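Let's take a walk through this protein together. Have the viewer open, and follow along as each part comes up.

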Amino acid sequence: MNKVSIKLATCFFIVVLVMECFLMVYLHRKIIHTRVEEEFSLLLSNGANHRDVLVENYSDTTIKHIVLMEMNEEREVVITDNRGNIIGNSGIDSNLLEVYNPLIKDLEEGKDRILISDWENSPYIVSIHPYKVSEIEVGYVVMFQSTNSLNQMVSYLNVHFAIAGVTSFVVLLLIYAVLSKVITRPLIRMKEATEKLSKGEFNVSLPKLGKDELGELSFSIQKLANDLERLKKDRNEFLASVSHELSTPLTYLIGYSNVAMRDGLGDEERKQYLEIIGEESNKMKELVKNLLDLARMDENSFTVTKTNFESQPFLEDICKLVAPSFELKNIKLNLKTNENFTIFADSIRLGQIIVNLLDNALKYSKENTEVLLEAYKKGDKTVVKVIDSGIGIPSEELDFIFEKLYRVEKSRSRVYGGSGIGLAVVKELVEAHGGTINVESNLGIGSTFTIII
Ligand SMILES: Nc1ncnc2c1ncn2[C@@H]1O[C@H](COP(=O)(O)OP(=O)(O)OP(=O)(O)O)[C@@H](O)[C@H]1O
Ligand SMILES: [Mg+2]
């Protein structure tokens, strides 16, 4: 279950561990090497000092003084003569001397140098300093530096490095545990949230996790859940509204057809009922058509076939089509076009767009007002405006009116009818043409819808 986080944390753990081991080994070696080099150069400089004093003042007293100066536990000096005999010794064990003697005797005259440097296995590191006072007064000053302190230093160093190593390992383990938890917990919560979503439970709440990738993922899931919740609510409202919309004309249809079938009804009266039946059937047809469009919009199967056609007859036809409903509400519909021009669009779809806008203008205007349908050419585009002096749309609702099923104030739609599909269809159709739609509206003053195609 915690795989991703464990993988990440393990990678981090291994990389840091390897780096740390490498650094510790490097540091350990470097410290020891530096310390050993220091010992070598100190030994060489002490030996050289003794040799210089001896050469300047060669006498038994000087030899004694040199020997006396090195009477300590750590460092010893041995001075040999021209035959390799020891003429001064600050205290080197005679057994040990027997081991070193052949080495010293075998030496040829030369420069100061380290004779034995193996500090790990030998009890002393040894440096040798040739001296020459006269032809017979020649020999070596041999310095011995005990390796005890070096070995002790190394064991201290090992202990400190071991403590540091174990401590950092424990700290790393802690970081590993915390890291895998920190990454895992939000991931598990997101997984649970998506499981809930897939079961249709959209009321999930995820914590805000900052602005990293995990935070963004959590935010997206939360947004998805909220959107789904809203869609679910919208769908239910839509279904309720559609059934209401369908049932009202159906009630009329059933009622009036029953009345129209009654015997003994005058022709005039029967005609009146049949007209109402026809009107309600048309309303139903319009609603079902919009619903079908909406369904097709969701499937992206809307197609527009653009052709060139004349603006004037096209717009006049539309006005003629809607004129009766405008007259019925005593609203004046004006058409304003400066000249006849060519429109390049799908005439049926553009007709549908304008009728929908006019339908809204009519529906959301009070009696005895005016609606203006204006069209003109702008470059190679056509601009169509529908301007009404109706009830207007609150500014905070303007962003939403093109959403499917969105209606401004549900109470309003009960008064005016409408299911919130019209503008969604319009927008989809305009965009299918590659055009844009805009709305400006002032509450209580009126609205202007502008399409550019
Ligand atoms: N010209 C307008 N004046 C005032 N409000 C409008 C106008 N046009 C649209 N609206 C508001 O925008 C909402 C969405 O409009 P839309 O045309 O999508 O739906 P409808 O008119 O309610 O229903 P339908 O068109 O599907 O029958 C409407 O509910 C209405 O409140
Ligand atoms: Mg409408």
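**Rings, sheets and packed helices**

Start with the aromatic rings: counting those of Phe, Tyr and Trp whose centres lie within 6.5 Å of each other, we get 8 aromatic pairs. One of them is F13 with F169, an edge-to-face pair with 5.9 Å from centre to centre and 65° between the planes. The two partners come from distant parts of the chain, 156 residues apart: F13 sits in helix α1 (residues 3–56), while F169 belongs to helix α4 (residues 148–198). Keep in mind throughout that this is a predicted model.

Next, step back to the overall layout. The protein is split into domain 1 (3–153), domain 2 (213–284) and domain 3 (302–452). If you take the centres of domain 2 and domain 3 over their C-alpha atoms, they lie 22 Å apart.

Now for the sheets. Strands of a sheet pair through backbone hydrogen bonds, and they can do so parallel or antiparallel. One open sheet here has 5 strands in the order β2-β1-β5-β4-β3, with antiparallel pairing. Its edges are β2 (86–89) and β3 (113–116); each has a single partner strand, so one side of each is left without a neighbour in the sheet. On average, neighbouring strands in this sheet are turned by 25° against each other, if you ignore direction. To see one of the pairings up close, look at strand β1 (residues 75–80), which runs antiparallel to β2 and is joined to it by 3 bridges. There, I79 has G88 of β2 as its bridge partner.

Another open sheet, also of 5 strands, goes β7-β9-β10-β12-β11, and its pairing is mixed. From one strand to the next, the twist averages 15°. Within this sheet, strand β10 (residues 381–388) and strand β12 (residues 446–452) run antiparallel, held together by 6 bridges. Look for K385, which stands opposite T450 in β12. Two helices pack on this sheet. Helix α7 (residues 311–328) touches β7 and β9 (370–378), and its direction makes about 170° with that of β7. Helix α10 touches β11 and β12, with its direction at about 140° to that of β11.

How do these helices meet their neighbour, α8? Two packed helices are described by the angle between their axes and the distance between the axes. For α7 and α8, the angle is about 35° and the axes are 10 Å apart. Their crossing is right-handed. On the α7 side, the contact uses F314, L315, I318, L321, V322, S325 and F326, which meet S347, L350, G351, I354, V355, L358 and L362 of α8. Sorted by class, that makes 11 nonpolar and 3 polar residues, with no charged ones.

Finally, turn to α8 (residues 347–363) and α10 (residues 422–432): they pack at about 150°, with 9 Å between their axes. This crossing is left-handed. Helix α8 brings R349, Q352, I353, N356, L357 and N360 to the contact, and α10 brings G422, L423, V425, V426, L429 and V430. Here the classes come out as 7 nonpolar, 4 polar and 1 charged.

Methods
Residues numbered from 1 in each chain as written. Chains lettered and ligands numbered in written order. Predicted model: local features only at pLDDT ≥ 70, side-chain atom pairs only at ≥ 80, totals over all residues. Heavy atoms only, no water. Axes fitted to C-alpha atoms, helices over the stretch in contact; angles between N-to-C directions. Helix = DSSP H or I, 4+ residues; strand = E, 2+ residues; numbered from the N terminus. Left-handed = near helix turned anticlockwise from the far one by under 90°. Contact = heavy atoms within 4.5 Å. Nonpolar A, V, L, I, M, F, W, Y, C, P; charged D, E, K, R; others polar. Pairing = 2+ DSSP bridges. Domains from an automatic or database assignment. Phe/Tyr/Trp six-rings, centres within 6.5 Å; stacked < 30°, edge-to-face > 60°.
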